[in-house]
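Me: I have a structure to go through and I'm new to it. Can we take it step by step?

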Amino acid sequence: MTDTDQPSTDQPLVASCQPTVLTLEPGIYWWCACGRSKTQPFCDGTHEVTDIKPVKLRLKETREVTLCNCKHSGSKPYCDGTHQRMSQ
Ligand code: FES
């Protein structure tokens, strides 16, 4: 593998082409924006090797959320349907 085969560190990886639907308690969550976390859809610190930062999600009440896993949503951290235009 050459250096040109390495994924860019300023572009997110597609973790999945399907969103994650969760019911979350009130609190602060960090959504993985780089696509490299092993604890999707949340940050595990792997972004440190990239130029991408996680997105803070603050919930004041228990809510069902649909979180983006393709990492290309226009309304991060939420799914906006962009994944439907991606190859499976
Ligand atoms: S999973 Fe990214 S827009 Fe739906």
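Me: Which residues does Ala33 touch, not counting residues up to four places away in sequence?

Reply: Ala33 touches Pro12, His47, Ile52, Lys53, Pro54, Val55, Lys71 and Lys76. Two residues are in contact if their C-beta atoms, placed from the backbone, lie within 7 Å. This is a predicted model: local features need pLDDT of at least 70, side-chain atom pairs count only at pLDDT 80 or more, and totals for chains, interfaces and linings use all residues. Residues are numbered from 1 along each chain as its sequence is written.

Me: Which residues are in the largest nonpolar core?

Reply: The largest nonpolar core has 10 residues: Trp31, Cys32, Ala33, Cys34, Cys43, Ile52, Leu67, Cys68, Cys70 and Cys79. Such a core is a set of buried Ala, Val, Leu, Ile, Met, Phe, Trp, Tyr and Cys residues joined through C-beta atoms within 7 Å. A residue is buried if 20 or more other C-beta atoms lie within 10 Å of its own, exposed if 12 or fewer, and partly exposed in between.

Me: And how much of the chain is buried?

Reply: Buried residues make up 24% of the 88 residues.

Me: Back to Lys71. Buried or exposed?

Reply: Lys71 is buried, because 24 other C-beta atoms lie within 10 Å. Lys71 also has a positive phi of about 70 degrees, although it is not a glycine.

Me: Why point that out?

Reply: Because most residues other than glycine have a negative phi, and most peptide bonds are trans.

Me: Then which peptide bonds are cis?

Reply: One joins Gln40 and Pro41, with omega about 5 degrees. Another joins Lys76 and Pro77, with omega about 10 degrees. Pro41 is in the loop between β2 and β3, while Pro77 is in the segment after β4.

Me: How many helices and strands are there?

Reply: The chain has 0 helices and 4 strands. Helices (H or I, at least four residues) and strands (E, at least two) are DSSP runs, numbered from the N terminus.

Me: Where is Glu48, and is it buried or exposed?

Reply: Glu48 lies in the loop between β2 (27-31) and β3 (55-59). Glu48 has 9 C-beta neighbours inside 10 Å, so it counts as exposed.

Me: What about Asp80, which residues does it touch?

Reply: Leaving out residues up to four places away in sequence, Asp80 touches Ser73, Gly74 and Ser75. Asp80 is partly exposed, because it has 15 other C-beta atoms within 10 Å. The place of Asp80 is in the segment after β4 (63-67).
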